[in-house]
Amino acid sequence: MTTIPQLAATLAAVLTEEADRAGRQTGFVQRSDAKLTGSVFVQTLVFGLGADPQASLSALTQTSAALGVTISPEALHQRFDRTAATCLEHVLGAAIGEVLCADPLQLAHPRPLRRGGGAR
């Protein structure tokens, strides 16, 4: 069975190594010294839109800044093209592949609640 730490490690690998690989393979990242790597782009969208599905470009650039990359809203907007969509598609495919290959998640059984509910 898969444990929470194993799931966290898998997600970390997808959001870093797989995202960087997808960025290079799809042409989203063309220079080896690019600031906006595949992993920074994917994490910006996953964390930024995960926190606020209606996040503006300015809000997303704040997320990328928290990840260590300063980019203007206009520059981020320009990156939304076919290669960005293909990069995201590759990362999603990798994530789905990991989920389909994983064992069911093993959760610790919670302690039973006391009857009466109040503090004693």
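I take a residue as buried under 20% relative accessible area, exposed over 50% and partly exposed in between, with a 1.4 Å probe and protein chains only. By that rule I record Phe80 as partly exposed, because its relative accessible area is 38%.

**Entry 1. Basis of the work.** I note that the model is predicted, that local features need pLDDT of at least 70 and side-chain atom pairs pLDDT 80 or more, while totals for chains, interfaces and linings use all residues. I number residues from 1 along each chain as its sequence is written, and side-chain values rest on heavy atoms, with hydrogens and water left out.

**Entry 2. The chain.** I took helices (H or I, at least four residues) and strands (E, at least two) as DSSP runs, numbered from the N terminus. I found five helices and zero strands, so the order from the N terminus is α-α-α-α-α. Of the 120 residues, 26% count as buried. I define contact as heavy atoms within 4.5 Å. Among contacts with a separation of 6 or more, 60% join residues 24 or more positions apart.

**Entry 3. Helix H2.** I then listed the buried residues of H2: Gly38, Ser39, Val40, Phe41, Val42, Gln43, Thr44, Leu45 and Gly48. Their cover includes helices H1 (4-26), H3 (57-66), H4 (73-79) and H5 (82-101).

**Entry 4. H2 against H5.** I fitted axes as lines to C-alpha atoms, for helices over the stretch in contact, with angles from 0 to 180 degrees between N-to-C directions. H2 and H5 pack at about 80°, and their axes are 11 Å apart. H2 is therefore roughly perpendicular to H5; the classes are roughly parallel under 35 degrees, roughly antiparallel over 145, roughly perpendicular from 65 to 115, and oblique for the rest. The residues of this contact comprise seven nonpolar, no polar and no charged. Here Ala, Val, Leu, Ile, Met, Phe, Trp, Tyr, Cys and Pro count as nonpolar, Asp, Glu, Lys and Arg as charged, and the others, Gly among them, as polar. On the H2 side I see Phe41, Val42 and Leu45, which meet Ala84, Cys87, Leu88 and Val91 of H5.

**Entry 5. Aromatic rings.** I paired rings of Phe, Tyr and Trp (its six-membered ring) with centres within 6.5 Å; planes under 30 degrees apart are stacked, over 60 edge-to-face, and the rest tilted. The count is two aromatic pairs. Phe28 and Phe41 form a tilted pair, 4.5 Å centre to centre with 35° between the planes. This pair links Phe28 in the loop between H1 and H2 to Phe41 in helix H2, 13 residues apart. Phe28 and Phe41 are buried. Phe41 and Phe80 form a tilted pair, at 5.7 Å and 55°. It joins Phe41 in helix H2 to Phe80 in the loop between H4 and H5, 39 residues apart. I record Phe28, Phe41 and Phe80 as one aromatic cluster. Phe41 has a relative accessible area of 0%, which means that it is buried.

**Entry 6. Leu60.** I located Leu60 in helix H3. Leu60 counts as buried because its relative accessibility is 4%. Leaving aside neighbours within four places in sequence, I find Leu60 in contact with Thr44, Leu45, Gly48, Leu49, Ala55 and Leu76. Its C-alpha atom is separated by 9.8 Å from that of Val46, 14 residues apart along the chain.
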